[in-house]
Amino acid sequence: MKLERRKIPPEIFTGSMADVTFLLIIYFMVTMAFSATKGLDFAVPKEDTAQVQLEREEAVEVKVTPQGTYLVDGRPLALSQFADYLKGKIVPGKLVDGKPVIEKPVILRPDPQAPYGAMMDAFDELRQVKDKLGLARELNISLPTQREIENLWGALGAL
């Protein structure tokens with residue numbers, strides 16, 4: 001007995017195509033609403049053509065020379081003399097929790113040719129000043145990068 005095969009006519013199913021088209025229409029309608037908003041509206045300050053005057057903040061500058069010696073505010077000092085020198089920078093009459101305070105920042109500027117160990121010794125000595133002098137808080141030690149030195153201090157005319 002031979003069974004008769006049922007032949008299915010070829011066709012492209014387009015049922016899901018209508019769904020996809022409908023979703024694309026909704027997508028473009030929603031995203032068009034976003035493109036109507038072109039960023040935030042804010043006021044930009046007007047350009048000031050006057051020269052900005054930068055003032056050099058008083059700070060304690062510790063330079064490390066290529067020979068590994070130290071210049072503190074231009075004076076040669078040994079590591080052991082750092083605390084005594086900084087004792088003079090204590091703000092008179094200002095106490096925090098009954099302890100004195102040094103508010104001036106300390107800028108550590110090693111020469112590019114200075115030995116790494118000399119820079120680290122200076123940094124360690126400056127970090128110990130709090131305990132040696134009994135300060136209320138740590139010193140504000142800054143170690144600027146070469147680019148910061150060239151940009152900021154060059155603008156101040158300090159280089």
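A cavity, on a 1 Å grid over the protein atoms alone, is a set of points where a 1.4 Å probe fits but cannot get out; lining residues have an atom within 4 Å of a point. This is a predicted model, where local features need pLDDT of at least 70, side-chain atom pairs count only at pLDDT 80 or more, and totals for linings use all residues. Residues are numbered from 1 along each chain, and side-chain values use heavy atoms, without hydrogens or water.

**Stop 1: the cavity.** Select Val60, Val62, Val72, Leu77, Phe82, Tyr85, Leu86 and Leu126, which line the largest cavity. The whole structure has one cavity of 30 Å³ or more. Its volume, the space filled by probe spheres set on the points, is about 30 Å³. Colour α2 (82-87) next: this helix (a DSSP run of H or I, at least four residues) gives three residues, the largest share of the lining.

**Stop 2: Tyr70 and Phe82.** Tyr70 sits in strand β2 (residues 70-72) and Phe82 in helix α2, 12 residues apart; a strand is a DSSP run of E, at least two residues. Tyr70 is buried at 8% relative accessible area, and Phe82 is buried at 2% (buried means under 20%, with a 1.4 Å probe and protein chains only).

**Stop 3: Tyr27 and Phe28.** This aromatic pair is also edge-to-face, with 5.3 Å centre to centre and 70 degrees between the planes. Phe28 is exposed at 51% (exposed means over 50%).

Technical notes
1 Å grid on protein atoms, 1.4 Å probe; cavity = no way out; pocket = protein on both sides within 12 Å on 5 of 7 lines; lining within 4 Å. Phe/Tyr/Trp six-rings, centres within 6.5 Å; stacked < 30°, edge-to-face > 60°.
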